Each structure stands twice: as structure tokens, then as C-alpha cells.
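Thanks for asking me to look this over with you.

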Amino acid sequence: MSDAKLDATSEHTGCACSLDASRRNLIAATAAVGGAAGLGAAVPFVASFTPSERAKAAGAPVEVDIGGMQPGELKTVEWRGKPVWILRRTPEMLASLKKTDDLVADPESLRSDQPAYVKGEARAIKDEYLVCVGICTHLGCSPTAKMALGSESGISDSWQGGFLCPCHGSLFDLAGRVYKSMPAPDNLPVPPHTYLSDTRLLIGEDGKEA
Amino acid sequence: MSFKNKILRALIATVAFATAAATHAAGPELRLDKAPLQFDNASLQHGAKLFINYCLNCHSASYLRYNRLQEIGLSDQQIKDNLLFTADKVGDLMTIGMRPAEAKQWFGAAPPDLTVIARSRASHYGSGADWLYTYLRQFYRDTNRPTGWNNVVFESVGMPHAMWDLQGEQVAHFVEREDGHGGKAKHLERLEIVKAGKMPKEEYDEAVADLVSFITWMGEPSQHNRKQIGGWVLAVLAVLGVLTYLLKRSIWKDLH
Amino acid sequence: MQKQAQQLLDWVDARFPLTFLWESQWGKYVAPKNFNFWYIFGSLAMLVLVIQIVTGIFLVMHYKPDASLNAAGVPVAFASVEYIMRDVPGGWIIRYLHSTGASAFFVVVYLHMFRGLMYGSYRKPRELVWLFGVAIFLCLMAEAFFGYLLPWGQMSFWGAQVIVNLFGAIPLIGEPLSIMIRGDYVVSDATLNRFFSFHVIAIPLVLIGLVAAHLTALHEVGSNNPDGVEIKKQPKDANGIPLDGIYSHPYYTIKDIFGAVVFLFVFAAVVFFMPEGGGYFLEFNNFIPADPLKTPPHIAPVWYFTPYYSILRATTSDFMLWLGIFVLVVGGLSVFSLRHQLAKLAAAGVTAVLLVAFYFLDAKFWGVVLMGVSVLLFALLPWLDRSPVKSIRYKGGLYKGILAVFVVCFVVLGYLGILPPTPVGTIVSQICSILYLGFFAFMPWYTAMDKTQPEPERVTWQ
């Protein structure tokens with residue numbers, strides 16, 4: 001070895017003067033294995049931040065009986081701690097969506113959060129039932145239903161019924177679509193859901209056809 | 001060197017003396033049978049079925065979720081169809097309807113939650129599984145008890161024999177022996193089946209072994225996973241140990 | 001690239017002593033080059049401290065200090081531990097790391113302390129290093145004690161019950177004091193919540209401060225070594241560095257990393273293959289939720305407290321006579337050997353007061369005192385040891401024999417502490433308690449009498 005004869009100074013400073021190839025390889029290997037071990041050790045700690053089995057159980061899909069719902073009735077169920085609205089729409093309500101098509105920001109819900117099997121202006125598997133998460137896409141408040149029409153609603157004379165977010169005034173139509181130039185960027189999200197039968201709705205899980 | 005030997009000898013002698021002194025007065029001997037545990041899915045599923053049918057009526061397993069049984073090879077649908085009696089969701093905990101306060105009135109003591117019973121019953125006599133395996137096989141008829149049942153390893157137990165229809169009815173024959181302190185102690189001579197149950201003895205023992213295997217699994221469902229991960233961790237540390245040793249030698253060889 | 005890094009470092013150094021701190025505390029800290037196996041435990045204690053703090057932070061995210069019963073009739077605190085073990089992803093690993101870490105901490109610290117005893121690490125000029133260390137040991141015991149209540153199992157509950165009642169033995173203020181510690185007439189939800197607060201923030205803060213003080217003091221005076229000779233008094237090289245000194249970096253960096261990996265191997269073997277430690281790390285009875293109406297048939301503290309627990313149990317009223325004789329002998333010896341008239345008087349006074357107090361106050365109180373004293377006696381070592389040499393390598397047979405007896409007594413006391421009390425066991429632990437106390441009390445005399453060998457000029461180094 002060329003550097004076998006070290007003077008006292010280099011011995012004390014432990015300097016890099018004897019960083020030969022074999023030692024450099026050893027340092028690299030140790031650092032690699034040590035780094036991998038460190039990453040591995042971080043796994044349980046990072047994992048502990050993800051939802052626990054309790055949270056998952058609480059967030060499991062919810063079954064709802066929609067058999068008794070009257071036309072025009074709005075029902076709120078809790079799924080993953082969030083309000084999910086089920087609105088049984090009357091033919092008039094469905095017709096109003098045609099009128100709001102030009103007023104809303106994303107009429108075809110192209111950029112909004114919804115499953116692929118929910119399409120068009122009605123945003124539903126069965127047009128009669130709107131299923132959406134009642135959380136404003138702006139900053140997370142829950143909008144209130146404004147079902148009265150026209151000036152009676154206190155919103156505008158041409159109001160077709162829909163939802164108003166109390167926090168920053170975003171307006172949504174009866175398909176949960178946000179009106180143009182509102183603080184909220186997107187339509188209300190539609191959660192994964194499926195019909196177990198004509199009267200049983202399962203929220204939180206895609207159907208078999210999906 | 002001889003001095004170190006002397007120290008060592010003194011140490012061993014003292015510890016041996018202390019051990020002898022201490023074990024001398026340990027309480028009554030508890031004789032446990034070694035539980036033949038089986039952790040394959042078939043045994044665990046059999047155990048789970050017995051547990052839910054025979055234990056979960058009065059005892060809860062309130063830290064365990066039904067869907068954890070996936071780990072012993074059951075699907076959510078199987079759990080829902082065959083095992084879900086008191087809960088409605090597979091993610092629910094195995095709780096029971098009986099309220100602890102009411103249970104205490106009926107039995108004198110509230111039946112304990114069984115989720116970690118196998119861990120709590122361990123002692124220097126044997127593992128918790130050994131205790132349970134012996135306990136569940138040593139119920140005998142005793143007319144002096146309000147339930148009509150007593151148990152060899154748990155004297156004056158509050159619980160009646162839950163699986164008597166399987167095991168049948170036993171009576172215990174005791175003998176009195178000198179206990180070494182001038183008194184007498186009761187020793188179990190043998191247990192005799194006086195009324196046959198649905199299962200012959202061997203079959204019952206196997207059933208209890210499966211049940212205890214399940215209870216042991218339930219005490220720490222991650223135990224299998226734990227040992228698997230542990231193997232990998234030790235392997236990585238061994239490699240790292242060799243590397244750091246070589247590096248240490250390489251760096252220190254500069255010193256003289 | 002390198003130039004820019006240097007510029008950044010200069011920028012920081014002009015505003016914060018980063019390079020200075022690194023170099024003075026580790027990088028260019030000159031340590032003797034002859035450290036042996038025993039010198040790893042300080043670094044390991046630091047490693048375990050980090051493990052405990054990190055795992056602790058994550059456990060607090062899921063644990064609930066609540067003694068009330070949940071719907072299933074189980075205390076919420078107990079159920080939350082099982083929640084961590086089952087429902088929290090990775091929770092069981094974190095919990096086992098923490099529970100095993102507690103025991104590992106004491107293994108490492110006891111070995112670290114024994115190293116100090118062997119090589120005279122407490123001697124001048126390292127008295128403050130040693131005192132900070134004793135304070136760390138006390139904090140660690142408090143930390144372990146408070147933490148052990150949190151799982152709210154039977155051992156948690158009854159252990160806390162017994163230890164808090166110890167304070168009740170103090171004359172006059174004892175009873176109100178123990179009620180104040182509990183915040184209730186029994187160990188209860190109030191106790192659980194305050195112990196939680198102590199365990200997760202109060203004691204750790206003090207602990208970290210003391211560790212910093214311990215290390216700062218050490219790096220100020222320099223490390224001792226297995227030969228017990230001061231490298232600072234040796235000839236120096238051209239740079240003013242002692243000939244037997246080396247920079248901690250890279251030499252002890254890599255040595256300690258290797259040691260840490262070996263330690264972690266053993267530690268992981270316990271965590272993954274025997275987390276209950278045969279019932280010594282996680283006691284079996286602690287898998288039963290706390291029941292204030294039913295004491296388990298046999299309760300014992302966790303293994304690291306048992307030597308002191310044995311001393312507590314050994315102090316019966318019969319033992320007071322022996323303790324009196326012991327104090328009389330030590331007091332007499334002191335009066336005989338102290339030079340100053342005033343000191344003689346003081347020693348005689350203290351002895352007399354103690355003897356009178358022994359007579360009037362009951363043994364329960366003295367058991368508590370003795371337990372506390374046997375921990376605190378370590379703090380006096382720097383002033384009790386009169387040997388002309390530091391290291392056991394150059395001490396005589398007398399000291400070696402007495403140290404061996406001390407270690408045996410410590411182990412036997414620890415062993416007896418986990419067993420139920422028996423008549424023979426009590427006598428053995430009484431003998432061991434007296435020998436334990438004697439190790440400290442007679443140290444000024446036997447270390448002065450001991451036939452030592454001369455220390456070498458330079459450290460031993462092959």
C-alpha cells in the first residue's frame with residue numbers, strides 16, 4: 001500500500017488521503033445497504049399515517065333504502081364522514097337541467113370528479129336519482145338546498161332550484177353542477193355507487209358492470 | 001484468569017442458592033398439558049367456528065374485526081354468510097350484545113374479553129395456550145357449585161362447561177397427599193367421563209386444540225407476519241454488520 | 001460544486017457555530033484510541049433514546065389516556081393499545097419497538113454504568129459528567145415508571161398503586177402527598193392523564209437537557225479510557241493532539257455504527273421473535289385490563305426495577321437492627337478516621353440522629369428511604385473512591401473482589417425481586433442489601449487499603 005506510512009498528523013485528522021478504491025467501494029456498499037435499511041425502517045411509520053382498519057370499517061360502503069322516497073325528496077346519508085345527498089328528481093327538475101346547461105361551468109362534467117358510468121347532464125345511473133357528495137369543491141363547506149323556484153328563492157328570478165354554499169356563495173344546479181364564475185371550480189363529486197335492487201342503493205362501491 | 005473464575009463461581013453459587021430458596025415456597029403446582037397447536041387455515045377456521053358458536057355468546061373479542069378472518073382464509077362473503085350473527089358489517093369488532101354490568105349480575109363476574117386471553121394466561125407453568133387447552137378439557141361435575149361445574153386448573157370457576165354437549169360429563173377423582181409443610185393437598189388422580197358427549201375423547205381434544213389455536217392466533221394476529229418480517233430484518237442487519245465491520249477494520253488499520 | 005458548498009457553510013458559520021459545534025462535540029473531539037467493547041454503550045443509549053422518542057411520537061398519535069370503559073366494557077386506554085397492535089398499519093412494530101426499547105434502555109444504561117465503575121470514569125475531573133449521568137438514570141426510572149401505567153393493564157395499575165403508596169410512608173405529609181400524586185383516592189383516570197403528560201413531555205424534556213449536559217461536560221473534560229490514564233497529560237504531536245488521542249470522526253463514527261448494527265441485530269431479534277421477552281419485557285398479567293377491585297396473585301415490577309424493589313421488601317422491622325449496626329459501624333469508622341474535629345462531630349451527630357430515627361419511625365418508611373438511597377449513592381462515588389488509580393486494570397484483588405460481590409448482589413436482588421417473597425428469599429435479599437450499601441459506605445477505606453499497581457505512561461494499545 002502506498003500510504004502505509006502515515007505521519008502523525010494524517011493519523012489524527014483521519015483525512016481522506018487514504019481513500020483507496022476498496023475503501024471507497026466499502027463506503028458505497030455500506031451507505032447503500034444502510035440507506036435501504038433506513039428506508040425499510042421508515043415503512044411502518046409512514047404506513048401508520050394511512051387510515052386504520054377502524055377508519056376503513058367506518059368508511060365501508062353504506063347501504064341505503066330508497067324505496068320510500070317521494071318525488072322531490074332529498075335524503076342525506078353519511079359515507080366516510082361526509083354527507084352524501086340522494087335527490088329523487090321530478091320530471092320538471094330533470095327538465096330544468098336543460099335550461100341550466102348554458103349557465104353552468106362544466107355542463108358535461110368533463111373535468112369534474114365522477115365515475116365513468118355517470119354521464120351527461122343528469123349525472124346519474126338512473127336519471128331519477130341524483131347521488132352526490134354534498135361538499136362544496138371550493139373549500140369544503142356543505143351547501144344548503146334551495147328548492148324554491150324563481151324570486152321566491154331569494155337568489156334570482158330565473159332560479160331553477162339547486163344548492164347554495166353558505167360559505168362563499170357558490171351555486172349548483174339540480175345535478176350538482178356549479179354555475180359559471182363561482183368560487184367553486186368543479187361540480188359536486190359523485191361517489192362510486194350501485195343499485196343492489198330497485199330500492200337498495202350501495203354507496204361507496206362500483207357496481208359489477210363498472 | 002483464576003480470579004475471574006472465582007467471581008463466576010461465586011455468582012453461580014449465589015444465584016443457584018437464591019433460586020432454590022425462592023422456588024421452595026412457590027404455590028400449588030399447576031400441571032398443564034402441552035397444547036398441540038396447529039396454525040393451518042383448516043384448523044384455524046374450525047377453531048373460529050367453535051369460538052363463535054360456543055364462546056362469543058357470553059365473551060366478546062372486542063379488539064378483533066370479523067374481516068381480519070380473511071387472514072385465515074375466509075372471504076368477506078363467507079364471513080357474512082356463516083359467522084356474522086351479532087354484527088352487520090364485516091369490518092365490525094367481535095362484540096356481544098350482553099352488557100358488562102348485567103353479565104356481572106348473572107355470573108358474579110363479567111365474562112372477560114377473550115381477544116388477548118391467550119397472552120394473559122401465560123405463566124412459568126406453561127404458555128397461555130397450554131393453560132386454555134388444559135382448562136377447556138378439565139371441567140368436572142361438582143354439585144357444590146352453583147353452576148354444577150368445577151374445573152381442575154381454575155378452582156371455583158364461575159363459568160359452566162360451555163362445551164359439555166361435545167365432551168360429555170366428567171367426574172374428578174382426587175387423592176390427598178402430604179404437601180411437605182405438614183398439611184395435606186388435593187391432587188388430581190384422574191378424570192372420568194361418566195356421560196358421553198357428541199365427540200369421543202380424541203375428537204374433543206382435537207377440537208379444543210383447534211379452538212385454542214384460533215384463540216392464540218387471535219391474541220396476536222400479526223404474529224406470523226411478524227416472524228416473517230423479522231427474518232428479513234435480521235438478514236439485512238447481518239449484511240450491514242459484515243459491511244460495517246469491514247469498513248471499521250479498513251479505517252482503523254491506519255492507526256498504529 | 002464543492003466551492004459553493006463551502007460558501008454556504010461559511011455563510012452559516014458566520015451566523016451560527018455549526019462547524020464549531022460539530023468539531024468540538026464529535027468531528028475533532030479527541031478520544032483515547034484504546035476504547036474497548038465497554039465503550040459502546042454510551043452511543044447505544046443515545047440510539048435507544050432516539051428510538052424511544054421517535055416510536056413514542058407515533059404511539060401518541062393513536063393512544064388514548066382514558067380510564068373510562070368503552071361500549072364493550074374495556075378501559076379505553078387498554079383498548080387503544082390493542083387498536084395500535086391490530087388496526088393501525090405498522091402499529092404493532094412501532095409498539096414492540098417502544099416496549100422492547102424500554103428494557104433495552106436499561107440493559108444498555110446498566111452496562112454503561114458498570115463500565116464507569118470498572119474504569120473509574122466518575123473520578124476527577126469527570127465528577128459532573130457522572131452527576132449528570134446519575135440524574136439521567138433517575139429520569140429514566142421516572143420515565144419508565146410513568147410509561148408503564150399507560151397500557152392500563154393489571155400490572156400497570158397495581159404497580160403504580162404500590163409505588164405511589166410508597167410516598168405514603170413519609171411521616172406527616174405522606175398520605176396527602178400520595179393523594180396529590182394520584183389526584184384521587186385511588187389510581188384513576190386523573191392519575192393516568194398526569195402520568196401520560198409526564199411521560200410524553202415533562203420527563204423527556206428534562207432527559208434531553210440532561211443528555212446534552214452529560215455530553216457537553218464529557219467533551220469539555222475528555223473521555224476516560226480502560227487504562228484510566230489522562231491522554232491530555234501525555235506528550236502531544238505537532239498539532240497539539242495527544243499521542244494516544246484520535247479524532248472521533250471517522251474512527252469512532254465507524255466503530256459506533258458497527259456496534260449499533262450489532263445491537264440492532266439483537267434488538268430486532270427480540271422485537272420480532274420474542275417481544276414479550278418471556279414475560280419480563282411485557283408482563284403476562286398486563287394483558288388483563290386494570291381492575292381496581294382485584295389484585296393479581298403475584299405482582300412484580302418490570303425487571304429493571306427489581307433490584308431496588310428487593311431492597312424495599314428486605315427492609316422489615318427485623319432488618320432495622322442490622323441496619324442500625326451497619327450505620328453504627330460506618331459512623332464509628334468515620335469518627336475514627338476523619339481528621340477535622342468538626343467533621344468527627346458531624347459524623348457522630350448524623351449517626352446518633354439516624355439511630356434514634358430508626359427506633360421511632362417504622363420499617364416501611366426506611367424501606368422507601370433505603371430504596372431511594374441505594375439509587376442516589378451512585379452520585380457520591382467520585383468522593384468515596386480514594387484509590388490512587390482509576391482503572392480496575394491497576395487496582396488490587398480487594399477492590400476486584402468487592403466489585404464482584406457488588407455485581408452479584410445486584411443481580412441476586414434483581415432476581416429475587418421478580419419472585420414472590422419467601423422467608424429464605426427475604427434473608428438473602430437482606431444480606432445482599434447490606435452488601436450493596438457496604439460497597440458504597442466502606443469504599444473510602446477499602447479503596448485506600450487496596451494494593452494497586454502503577455498506571456502506565458501511555459495507554460495499552462496493540
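**Notes on the model**

1. Let me start where chain A meets chain B. Across this interface, one residue pair is found in polar contact, with both residues at pLDDT 80 or more. Helix H2 (21–47) and helix H3 (53–58) of chain A each supply at least two residues of the side of chain A that touches chain B. The most comes from H2(A), which gives eight residues to that side. By residue type, the side of chain A that touches chain B divides into eight nonpolar, three polar and four charged. Please keep in mind that this is a predicted model.

2. How many salt bridges are there between chain A and chain B? The count is zero. As for the extent of the interface, 15 residues of chain A are in contact with 16 residues of chain B. The area buried between the two chains is about 1500 Å², and carbon and sulfur atoms give 65% of that area.

3. Next, a word on confidence in chain A. Its average pLDDT is 86, and 90% of the residues score at least 70. Where in chain A is confidence lowest, and where is it highest? The lowest value belongs to helix H1 (residues 8–13), with a mean of 49, while H2(A) has the highest, at 95. H2(A) is also the helix that gives the most to the side touching chain B.

4. Over residues 1–10 of chain A, pLDDT stays under 50. For this stretch the model has 12 contacts beyond four places in sequence.

5. On the fold of chain A, the model shows four helices and nine strands. Going from the N terminus, the order of elements is α-α-α-β-β-β-α-β-β-β-β-β-β. Of the 210 residues in chain A, 40% count as buried. Among contacts in chain A between residues at least 6 apart in sequence, 53% join residues at least 24 apart.

6. Finally, a detail from chain C. Is helix H11 (residues 306–314) of chain C mostly covered or mostly uncovered? Helix H11 of chain C is mostly covered, with eight of its nine residues buried.

Definitions and conventions:
Residues numbered from 1 in each chain as written. Chains lettered and ligands numbered in written order. Predicted model: local features only at pLDDT ≥ 70, side-chain atom pairs only at ≥ 80, totals over all residues. Heavy atoms only, no water. Buried < 20%, exposed > 50% of the residue type's maximum accessible area, 1.4 Å probe, protein only. Contact = heavy atoms within 4.5 Å. Buried area = accessible area lost by both parts, 1.4 Å probe. Salt bridge = Lys/Arg side-chain N within 4 Å of Asp/Glu carboxyl O. Polar contact = N/O pair within 3.5 Å; in protein donor to acceptor, adjacent residues only side chain to side chain. Nonpolar A, V, L, I, M, F, W, Y, C, P; charged D, E, K, R; others polar. pLDDT = per-residue confidence, 0-100.
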